[in-house]
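Here is a short tour for someone meeting this structure for the first time. Have a look at the sequence and the model, then read on.

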Amino acid sequence: MTVAAPSRTYSVLAAPGALQELPRLVRELGCSGVAVITDSNVGPLWGEAVGAGFTGLGLEAPVLTLAAGEQLKSLAGLEMALEFLEASGIDRRGVVVALGGGTVGDLAGFAAATWLRGVRCVQVPTTLLAMVDSSIGGKTGVNSARAKNSIGAFWQPAAVVADLAVLGSLPRAEYLAAFAEVVKYAVAMDAGLFALLAETGPALRAGQVEALEPVISRCIELKAAVVARDERDQGARAVLNYGHTVGHALESASDFRLAHGRAVAMGMEVAVRIARDLGLCGDDLVIAQDALLRRFDLPGAPPELPATAVIEAARRDKKAVAGEIRWVLPRGIGRSAVDQRVPADLVRREVEWLLES
């Protein structure tokens, strides 16, 4: 598959065994050196094999393994990554390999965008969530003290290599939570994907690669098409934020103790109910979305937070304009409206419903 972003066109290899192709693909980029950034969850599983693959082709590939967790996405984490790139001697023909989930991808991608004013980055997502979403499209960054992903850059990868075989190493709860992003695509953009998820739910829950492959491929295609039209999130790309308005606010207000996938699922529950209350959709969509989320044990229990804290966090979101929240709201399965304004009392009512449910 190919992503044709205005600033860079690149290939996405998503298949079982793709990791074996990584050294060859990086070498074909004509790089002068490689630096691998990973975390303490992924490094022990795949870091040695990745490094050995580069060594076998005559490329030095030092590996930085950072402590896993959302705290990695901070200015302190960025500083460690940049110091590593400097110590590794990465020049402007070098390549940064981001080996891990979305947190590693965001940090390493931002470090690549920053080092020497921009070096190439190859995203190697090892989680389902990163494969279908964060590794594609060039959004990189870290969190500020108050808001998620508020410090960053648009920096498209030079390539994406997603090995579906590594998904078997994921903790089950993390694997299932990633389906929130998949359901997001289905409800907001693609009725056919919604039907496929409903049809193959048991096989997907079981992690069957033959069921996962078409789902992951379709999510990548959907995101690639949006990024090609709106690389820098000025309009059409906003559709990808379905569920993220409240989702990101829940993450920030909970000090990032809530998993991203579960937060997005909760955000979708709020958004679809707001859409119903505004007359944009009916109860049938609320019921259908809830049922599909439940197939993947989503969203789970909400965090114990005051509604005011969540609403204030949403107002600080980087997509807010003059403190006013802009919403993506569904109109039906596979159809949505972006840049929607919602009365404050309605937002509060549905956020309170979520937190009390």
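Which residue in β6 is the bridge partner of valine 97? The partner is valine 122. This is a predicted model, where local features need pLDDT of at least 70 and side-chain atom pairs count only at pLDDT 80 or more, while totals for chains, interfaces and linings use all residues. Residues are numbered from 1 along each chain as its sequence is written, and side-chain values use heavy atoms, with hydrogens and water left out.

## The open sheet

Strands here are DSSP runs of E, at least two residues long, and helices are runs of H or I, at least four long, numbered from the N terminus. Two strands pair if DSSP finds at least two bridges between them.

Step back and you get an open sheet of 7 strands, with mixed pairing and the order β1-β2-β9-β6-β5-β3-β4. At the edges sit β1 (2-4) and β4 (63-66), each pairing on one side only. From one strand to the next, the twist averages 15°.

## Helices across the sheet

Two helices lie across parts of this sheet. Helix α2 (residues 43-56) lies across β3 (34-39), β4 and β5, running at about 170° to β3. Helix α4 (residues 102-114) lies across β3, β4, β5 and β6, at about 165° to β5. Axes are lines fitted to C-alpha atoms, for helices over the stretch in contact, and angles run from 0 to 180 degrees between N-to-C directions. Contact means heavy atoms within 4.5 Å.

## Helices against helices

Start with α10 (residues 244-253) and α13 (residues 307-315): their axes come within 8 Å and cross at roughly 115°. That makes α10 roughly perpendicular to α13. For these labels, under 35 degrees is roughly parallel, over 145 roughly antiparallel, 65 to 115 roughly perpendicular, and the rest oblique. The residues meeting in α10 and α13 include Val246 and Leu250 from α10 and Val310 from α13. The contact divides into 8 nonpolar, 2 polar and no charged residues. In this count, Ala, Val, Leu, Ile, Met, Phe, Trp, Tyr, Cys and Pro are nonpolar, Asp, Glu, Lys and Arg are charged, and the others, Gly among them, are polar.

Next come α11 (residues 260-277) and α12 (residues 283-294), with axes that come within 9 Å and cross at roughly 170°. These two are therefore roughly antiparallel to each other. Their contact has 6 nonpolar, 1 polar and 6 charged residues. As for α10 and α11, the axes come within 7 Å and cross at roughly 135°. That makes α10 oblique to α11.

## Around serine 74

Serine 74 sits in the loop between β4 and α3 (75-87). What does the side chain of serine 74 reach at 3.1 Å? That would be the backbone oxygen of glutamine 71. Leaving aside residues up to four places away in sequence, serine 74 touches Leu107, Val142 and Asn143.

## A hairpin to finish

Strands β10 (residues 327-332) and β11 (residues 335-340) run antiparallel, joined by 4 bridges. Proline 330 stands opposite serine 336 in β11. This hairpin has 2 residues between the strands, and glycine 334 takes a positive phi near 85°.

Note on methods: A polar contact is a pair of N or O atoms within 3.5 Å; within protein, one must be able to donate a hydrogen and the other to accept it, and residues adjacent in sequence count only if both atoms are side-chain atoms.
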